[in-house]
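The structure comes first, then the pairs.

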Amino acid sequence: MKVNILYLYLIPLVLLFGCGEKQTVARYTSWQSSQTEEKIIRQTLRDFEKKYPNISYQFQPIPGNYTEKLQLMLGTGKAPDLFWLKGDTSPAYMSFDVLEPLDPFLEKDPDFEIDDFFPVFRDAFKYRGKNYGVAKDFNAYVLFYNKRMFAEAGLDTVPTTWQELYTFSEKLTKDTNGDGKINQYGFVIEPSIDIVMPFAYQNGGEIITEDGEIKIGNPAFIEATEFMMSLYRDGIATNPADVGAGWMGDVFSRRQCAMAISGAWLIPYLKDNAPDLEYGIVELPRGKRKATLAFSVAMVIPKQSAHKEDAWQMLSYLSGKEGMKTWTESGIALPTRKSVAEENGFYQDSLYSVFMKSVDYAKLYKVNMQERWFDDSQAAMQGIFYKKKDIAKTLQELAVTLEKYKLD
């Protein structure tokens, strides 16, 4: 039944684009989020070519609508031999049996050293006892703060608890130009389910179960949402839409807020858009326990690949010590291997060391549900923030709605 659900979605695309053609070389596919990212990918591939000159391949990045195009290629027999898979949607692909188990390759390749990966990522793409992907990199939510704003508010420490996050936000919210309107907020919040998740984990909840179900209507999630909403309701936090910004990083770079939650992707953004901004990074303020949300991307081989051995050789290099070192040394992404993190100096770096600390208690963002679950969840969160809907009732109703998106 699960296979039918996937391919019913793809039937119109199959009819439109026709059947696959015989491949002559291994094809490698990724998304393309920036010129910087593509430049580093191509450098890593050039290094691979030097080491393995006898392996022929084509690099074919997908510039937009990555998921839809990837599903189309899988459904029409034109899937690449090696491709990136978003960690949050990976359980669906693993359960639909379209990916090649990697355990035979891992057993034949002891130099790959799977135990070199941080535990949370070593088994990140395991399903029913089999490995279907390798975590090529990761990111995690941390707290960015504006050092100058903190100094001007007389704050010489950073918030380490929920209560301190609230009181610091109060002190940092100001009308700096005297026109009677707030133009500097203590905090910025996006009404997004993944922003609340780490706080729900901190509150003692198990939000994403081992089999990928979402637990949203429980007290831990409701209380975490109420806390986040209190910052916004009390006027000491803003959201991007309220100040004409596109996302939290934009608000932070414009100096419209003193604190923001983000991953390491904000660092190169600030370098390009706010090079003079004095900022620091710390772990998320804790609740009953430390917790944050971790994101990862898998490198996978489809079952339909005609070049599995070559694809594995590419995967082994690109997510091995050499390839991962090149891919992550600029800081565009963070290494999932302990040895690479050490070699690239991330433990010593004042910014990236925070992400390394977070690995020990990070919760992986990986959901075994149809992707529509996220759209419905976002609509519910926006209803809470923008329409002031009752938090407990909205989340409990959402929990019932999400039952229909379960894949197992």
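K303 and D97 form a salt bridge, with 2.9 Å between the closest N and O atoms; the term stands for a side-chain nitrogen of Lys or Arg within 4 Å of a carboxyl oxygen of Asp or Glu. This pair links distant parts of the chain, 206 residues apart: K303 is in the loop between strand 12 (292-300) and helix 13 (308-318), and D97 is in the loop between helix 4 (90-95) and helix 5 (103-108). Helices (H or I, at least four residues) and strands (E, at least two) are DSSP runs, numbered from the N terminus.

The model is predicted: local features need pLDDT of at least 70, side-chain atom pairs count only at pLDDT 80 or more, and totals for chains, interfaces and linings use all residues. Residues are numbered from 1 along each chain as its sequence is written, and side-chain values use heavy atoms, with hydrogens and water left out.

By the salt-bridge rule the count is 19. Two further pairs are D250 with R254, at 3.0 Å between the closest N and O atoms, and D376 with R372, at 3.8 Å. D376 and R372 both lie in helix 17 (residues 372-386), four residues apart, about one turn of the helix. A network of salt bridges links E213, K215, E403 and K406.

The table gives relative accessible areas, where buried means under 20%, exposed over 50% and partly exposed in between (1.4 Å probe, protein chains only).

| Residue | Relative accessible area and class |
|---|---|
| K303 | 36%, partly exposed |
| D97 | 41%, partly exposed |
| D250 | 13%, buried |
| R254 | 40%, partly exposed |
| D376 | 19%, buried |
| R372 | 45%, partly exposed |
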